[in-house]
Amino acid sequence: MFRKIALVASSAPAAIEAEAELRPLYDFVDIGEAELLIALGGDGFLLHMLHQLLDQRRSLPVFGMNRGTIGFLMNEFRVEGLLDRLAAARPYLVHPLSGDIMTVSGERHILPAINEISLLRETRQAAKLEVMINERTMLEELACDGVLVSTPAGSTAYNLSANGPILPLDSAMLALTPISPFRPRRWRGALVPESTSIRFNVREAAKRPVSAVADQREIRDVKTVLVTTDRSRPLTLLFDPDQGLDERIAMEQFIV
């Protein structure tokens, strides 16, 4: 049983109201002392808090309760029985992606991503990308609006909207999904082991500028992006036993 629990809430009115309900009922601590974090909000807020933990290089289990819109990564919000729910919660390890990004001007950025890393065209000009798998060129030129690499946890988000596959949580795979591909016309993406390194080289970068987005963080005018899985910094999400993330991902495949 966790003894030191921190509570954080997004700025949404529903999250603020939920925080006001919970604080008088439980003895919460500051996040710096916590052994477990409860996050009130939506999926975007949960991702924000997970990125904060990554930036601080902290390993802290997170139990999200939905006070946002979709709440795919969240549990149902209930005030009663919170400590019992935490004791019974099922943990899921999520391994983030790491994007090693080099810009046209020579700046280097290394950004983590929990859902996906996307490359997106910045202007009306289509992006032209060389796609390399484990340093071997697989597509000399992909003309498209963009392309993304998704984790299993993120496969039901932007990846699914781009007609990418849904990945079981324990699949140890990554989805490589094009966004509005023009050439080659018949290429619809690929599944690769999570140990794979995926490199994108931007062709005609000055004429056809491309940005790289790691979840909510964007770097513009990129030249190369190397995507790998960072297994050194796992994140732990907690779910009620009857609301596991693996079950939700599986059920998404049958929603019509």
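Author: Glu135 is partly exposed, with 43% of relative accessible area. The model is predicted, so local features need pLDDT of at least 70 and side-chain atom pairs pLDDT 80 or more, while totals for chains, interfaces and linings use all residues. Residues are numbered from 1 along each chain as its sequence is written, and side-chain values use heavy atoms, without hydrogens or water.

Glu135 sits in the loop between strand E8 (127-133) and strand E9 (136-150). Here strands (E, at least two residues) and helices (H or I, at least four) are DSSP runs, numbered from the N terminus. The backbone of Glu135 stands out: its phi is positive, about 65°, although Glu135 is not a glycine.

Asn134 belongs to the loop between E8 and E9 too. Its relative accessible area is 46%, so Asn134 is partly exposed. Leaving aside residues up to four places away in sequence, Asn134 touches Thr196 and Ser197. Such a contact means heavy atoms within 4.5 Å. Pro112 is 22 residues from Asn134 in sequence, and their C-alpha atoms are 19 Å apart.

Now step back into E8. E8 pairs with strand E12 (residues 198-203), antiparallel, over six bridges. Two strands count as paired if DSSP finds at least two bridges between them. Glu130 stands opposite Asn201 in E12. Asn201 also has a bridge partner in strand E15 (residues 222-229), namely Thr224. E12 and E15 are antiparallel as well, joined by four bridges. In a regular strand, side chains alternate between the two faces of the sheet.

Two other loops carry backbone features. Arg57 has a positive phi, near 50°, and is not a glycine. Arg57 lies between helix H2 (43-55) and E3. It is exposed, because its relative accessibility is 63%. Pro184 lies between strand E10 (173-183) and strand E11 (190-193). A cis peptide bond joins Arg183 to Pro184, with omega about -10°.

Next comes an open sheet. Five strands form it, in the order E1-E2-E3-E16-E4, with mixed pairing. Strand E1 (5-9) and E4 are at the edges with a single partner strand each, so one side of each has no neighbour in the sheet. From one strand to the next, the twist averages 30°. Angles like this run from 0 to 180 degrees between N-to-C directions; the axes are lines fitted to C-alpha atoms, for helices over the stretch in contact.

E4 and E16 run antiparallel, joined by five bridges. Pro91 stands opposite Leu238 in E16. H2 packs on this sheet, where it touches E1, strand E2 (36-41), E3 and E16. The direction of H2 makes about 150° with that of E2.

Asp43 lies in H2. The UniProt record, an unreviewed entry, annotates Asp43 as "active site". UniProt positions follow the numbering used here, feature names are shortened, and annotations may be inferred rather than shown by experiment. Asp43 counts as buried because its relative accessible area is 18%. Asp43 touches Ile70, Gly71, Phe72, Leu73 and Met74, again not counting residues up to four places away.

Asn75 lies in the loop between strand E3 (62-66) and helix H3 (82-88). Its relative accessible area is 1%, so Asn75 is buried. Its side chain makes polar contacts, that is, pairs of N or O atoms within 3.5 Å; within protein, one atom must be able to donate a hydrogen and the other to accept it, and residues adjacent in sequence count only if both atoms are side-chain atoms. A polar atom of the Asn75 side chain lies 3.0 Å from the backbone oxygen of Leu238. The backbone nitrogen of Asp240 lies 2.8 Å from a polar atom of that side chain. Arg248 is among the residues that Asn75 touches.

An α-helix has 3.6 residues a turn, so residues three or four places apart point the same way. H5 lies across E4 and E16, at about 70° to E4.

How values were computed:
Buried means under 20% relative accessible area, exposed over 50%, partly exposed in between (1.4 Å probe, protein chains only).
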